[in-house]
2 protein chains.
Amino acid sequence: MPEKPTILQRQTVAQSRLFRAEQLDLRFSNGVERRYEKLCSGGPGAVLMVPMLDPNTVLMVREYAGGLEDYHLSLPKGAMDKGETPEQSANRELKEEVGYGASKLDYLKCLHLSPSYMEHKIHVLLARDLYPERLAGDEPEPLEIVPCNIDDLLALTMRDDVIEGRTIAALFMARAWLARHG
Amino acid sequence: MPEKPTILQRQTVAQSRLFRAEQLDLRFSNGVERRYEKLCSGGPGAVLMVPMLDPNTVLMVREYAGGLEDYHLSLPKGAMDKGETPEQSANRELKEEVGYGASKLDYLKCLHLSPSYMEHKIHVLLARDLYPERLAGDEPEPLEIVPCNIDDLLALTMRDDVIEGRTIAALFMARAWLARHG
């Protein structure tokens, strides 16, 4: 593995309520210099849950996405609150978004969105042994809960309304993990 | 599916060389109003390739990621040039990054990064029947090409240096697609 580039300078170049962009001046180990930009992630991070209602059924949510300006079908997710573990965040978000708690949570993987220009990452947790419990969330409207069969993940992930890379990654990883670890 | 929210107002709230953030004032169909922000994607889009050296071996690249400030292992990808089809971009990027062209390209899926607050998406293409051909690219240093076996994708995607959601999604979708369509 090559030696990491030296960071010559780092400065904030844009900021809004939710986003902050940083400029990095880099010198690679071969001497080449480049200016990069990246989006910084504030806050304690995010969680994405794979909630299994039974061994073959995952609960997905239909939610409005501002970046898409349309609805799409994805796994439930949310921002961690300060001081929470990923497991605590996952259970709270499940209760808020899906109306279930989980007696069994397995940490699968930390996924990055686009590491080339974003710091953002999300913890993926498998949620099983679900029990009904609802907490009030901050959604502008109730999410539609859509039970989906995971036997044919290629068909599910080829659907026109299933478009989120991390949702698709988490579904396949969860199914492979379940097949191996049960 | 609910009626889409009405967009009451839209304005740019931050801009840098690479990023532009837009603020959306929305009124949901139930009357609730919310202020969202999203990152806009300029340009014609991006492509991500799953280059198969043989039926069991995918070519991955080890590249420095500015968002991570470290190296990681991912599928090769790049920005489309104006006027290119996804297939043309994929073949050019493969030649630049991996040193191969592909006689056979199959379009698999358009993946979104984080549709809740990003417009960014990437076209995923399966690349087969590879032949050696190198084009000069714009990388600051040559990428290390890492052949990986796809028989055990759970083990591959659980590696600490494999962390990109869309890479993991594309690997699993490609393997499932190959198993079905050959």
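## Briefing: two chains, one axis

The end C-alpha atoms of residues 39-174 of chain A lie 28 Å apart, and the span is 21% helix and 43% strand. In UniProt, an unreviewed entry annotates residues 39-174 of chain A as "domain: Nudix hydrolase". This is a predicted model.

**The three-stranded sheet of chain A**

- Three strands of chain A form an open sheet, ordered E1-E2-E3, with antiparallel pairing.
- Strand E1 (6-15) and strand E3 (33-40) of chain A stand at the edges. Each has a single partner strand, so one side of each is left without a neighbour in the sheet.
- From one strand to the next, the twist averages 25 degrees.
- Strand E2 (residues 20-27) of chain A runs antiparallel to E3(A), and eight bridges join them.
- Asp25(A) has Arg35(A) as its bridge partner in E3(A).

- Gln23(B) lies in strand E2 (residues 20-27) of chain B. Its relative accessible area is 10%, so Gln23(B) is buried.
- Setting aside neighbours within four places in sequence, Gln23(B) is in contact with Gln9(B), Arg10(B), Gln11(B), Val13(B), Arg35(B), Tyr36(B) and Glu37(B).
- Asp25(B) also lies in strand E2 of chain B. Asp25(B) has 13% relative accessibility and so counts as buried, the limit being under 20%.
- With neighbours within four places in sequence again left out, the contacts of Asp25(B) are Thr6(B), Ile7(B), Leu8(B), Gln9(B), Arg34(B) and Arg35(B).

**Aromatic pairs**

- Over all chains, the structure holds eleven aromatic pairs.
- In one of them, the rings of Phe28(B) and Tyr36(B) have their centres 6.1 Å apart. Their planes stand at 50 degrees, so the pair is tilted; stacked pairs are under 30 degrees and edge-to-face pairs over 60.
- Phe28(B) and Tyr36(B) are both buried.
- Ring pairs join residues of both chains into a cluster: Phe28(A) and Tyr36(A) with Tyr64(B) and Tyr71(B).

- Glu69(B) is not a glycine, yet its phi is positive, at about 55 degrees. Glu69(B) sits in the loop between strand E5 (57-65) and strand E6 (70-74) of chain B.
- Asp129(B), also a residue other than glycine, has a positive phi near 50 degrees. Asp129(B) is found within strand E9 (residues 121-132) of chain B.
- The relative accessible area of Asp129(B) is 48%, so this residue is partly exposed; exposed would need over 50%.

Notes. Residues numbered from 1 in each chain as written. Chains lettered and ligands numbered in written order. Predicted model: local features only at pLDDT ≥ 70, side-chain atom pairs only at ≥ 80, totals over all residues. Heavy atoms only, no water. Phe/Tyr/Trp six-rings, centres within 6.5 Å; stacked < 30°, edge-to-face > 60°. Buried < 20%, exposed > 50% of the residue type's maximum accessible area, 1.4 Å probe, protein only. UniProt positions renumbered as here; feature names shortened; annotations may be inferred. Helix = DSSP H or I, 4+ residues; strand = E, 2+ residues; numbered from the N terminus. Contact = heavy atoms within 4.5 Å. Pairing = 2+ DSSP bridges. Axes fitted to C-alpha atoms, helices over the stretch in contact; angles between N-to-C directions.
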